[in-house]
Amino acid sequence: MATGRTHRPATRSRGIPEATVARLPLYLRALTALSERSVPTVSSEELAAAAGVNSAKLRKDFSYLGSYGTRGVGYDVEYLVYQISRELGLTQDWPVVIVGIGNLGAALAGYGGFASRGFRVAALIDADPAMTGKPVAGIPVQHSDDLEKIISEDGVSIGVIATPAGVAQQVCDRLVAAGVTSILNFAPTVLSVPDGVDVRKVDLSIELQILAFHEQRKAGEETSTEEGPDTGAEPEAATAVVPPAPRGAAGDTGHKGPDGDVPAVMPA
């Protein structure tokens, strides 16, 4: 069976933009749902709505794949599923190791969507000796001392880091040195990697902070509406009282890491 070590997706060599690549999984998810309902064809408008994009962007994205659909008929669902799966490299087996089997790592190990999408959890790795041999989601945990051996024997090229932030870079360095060239990082820190190594960062706290921003703005808009429109007239005998700014408050301009993410301010 083919492994991730010797096969790479063809998207970069074919010049498909990164923004298009990021949308391909959305199309694939929508198409898979249609396939499961035995829907034979779908229009660009219907598929775009299911994927959450506009139809013009969808047609542009598919043009990079050489798929233009049939006027009056639409796109063949099964063919598009195969075509996108092939572009994403999902028509082969991709062994994955998960490092850090705490609550998050264990949840990832038990995620049923990996196998159906072309990924196989080859190993679960943790530094705690008490975890060694313990089955998680039916897979025995192996000690981190064997990380390099595991990656070599299973031909792993994709690693998932679910460790505390303090050890994430050390784990990353070991993965890269052992031959891993793609990393999914759940640790709340920005990783430094050499050229040729891809990092995708998943930080739930950042996503929640973005949602909090939008909630705050919506609350401000509602308050403004309740107070009524501003007529521009000066209130009689109005005196503005400006409270002093709290000492020690300063804006954090942020720092972008090599993978382009801006780290969130995390609680200690």
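**Figure 1. Helices H2 and H3 are roughly perpendicular to each other.** This is a predicted model, in which local features need pLDDT of at least 70, side-chain atom pairs count only at pLDDT 80 or more, and totals for chains, interfaces and linings use all residues. Residues are numbered from 1 along each chain as its sequence is written, and side-chain values use heavy atoms, with hydrogens and water left out. The axes of H2 (residues 44-51) and H3 come within 8 Å and cross at roughly 100°. Helices (H or I, at least four residues) and strands (E, at least two) are DSSP runs, numbered from the N terminus. Axes are lines fitted to C-alpha atoms, for helices over the stretch in contact, and angles run from 0 to 180 degrees between N-to-C directions. Angles under 35 degrees count as roughly parallel, over 145 as roughly antiparallel, 65 to 115 as roughly perpendicular and the rest as oblique. From H2, Ser 44, Glu 45, Leu 47 and Ala 48 meet Ser 55, Leu 58, Arg 59 and Phe 62 of H3. Contact means heavy atoms within 4.5 Å. By class, four residues of this contact are nonpolar, two polar and two charged. Ala, Val, Leu, Ile, Met, Phe, Trp, Tyr, Cys and Pro count as nonpolar, Asp, Glu, Lys and Arg as charged, and the others, Gly among them, as polar.

**Figure 2. Helix H1 meets H3.** H1 spans residues 18-36 and H3 spans residues 55-64. Their axes come within 11 Å and cross at roughly 105°. H1 and H3 are therefore roughly perpendicular to each other. On the H1 side, the contact uses Thr 20, Arg 23 and Tyr 27. On the H3 side are Lys 57, Leu 58, Asp 61, Phe 62 and Tyr 64. Four residues of the contact are nonpolar, one is polar and three are charged.

**Figure 3. Seven strands form an open sheet.** The order is E5-E6-E4-E3-E7-E8-E9, and the pairing is mixed. Two strands pair if DSSP finds at least two bridges between them. E5 (135-136) and E9 (198-201) stand at the edges with a single partner strand each, so one side of each is left without a neighbour in the sheet. The whole protein chain has nine helices and nine strands.

**Figure 4. Strand E4 pairs with E3 and with E6.** E3 and E4 are parallel, with six bridges. Six of the eight residues of E4 are buried. Buried means under 20% relative accessible area, exposed over 50%, and partly exposed in between (1.4 Å probe, protein chains only). Across the protein chain, 36% of the 268 residues are buried.

**Figure 5. Strands E5 and E6 form a hairpin.** The two strands pair in the antiparallel sense over two bridges. Val 136 stands opposite Ile 139 in E6. Two residues lie between the strands. Ala 137, in the turn, has a positive phi of about 55°.

**Figure 6. Helix H7 has a buried side and an exposed face.** Leu 147, Ile 150 and Ile 151 are buried in H7 (residues 147-154). Seen down the axis of H7, these buried residues fall within an arc of 95°, so they line one face of the helix. The arc is that of the directions from the helix axis to the C-beta atoms. An α-helix has 3.6 residues a turn, so residues three or four places apart point the same way. Lys 149, Ser 152 and Glu 153 are exposed on the face turned away from the buried side. Cover for the buried residues includes E3 (94-99), E4 (119-126), E6 (139-143) and H8 (165-177). After H7 comes Gly 155, with a positive phi near 60°.

**Figure 7. Helices H7 and H8 lie across strands of the sheet.** H8 lies across E3, E7 (158-161) and E8 (182-185). The angle between H8 and E7 is about 170°.
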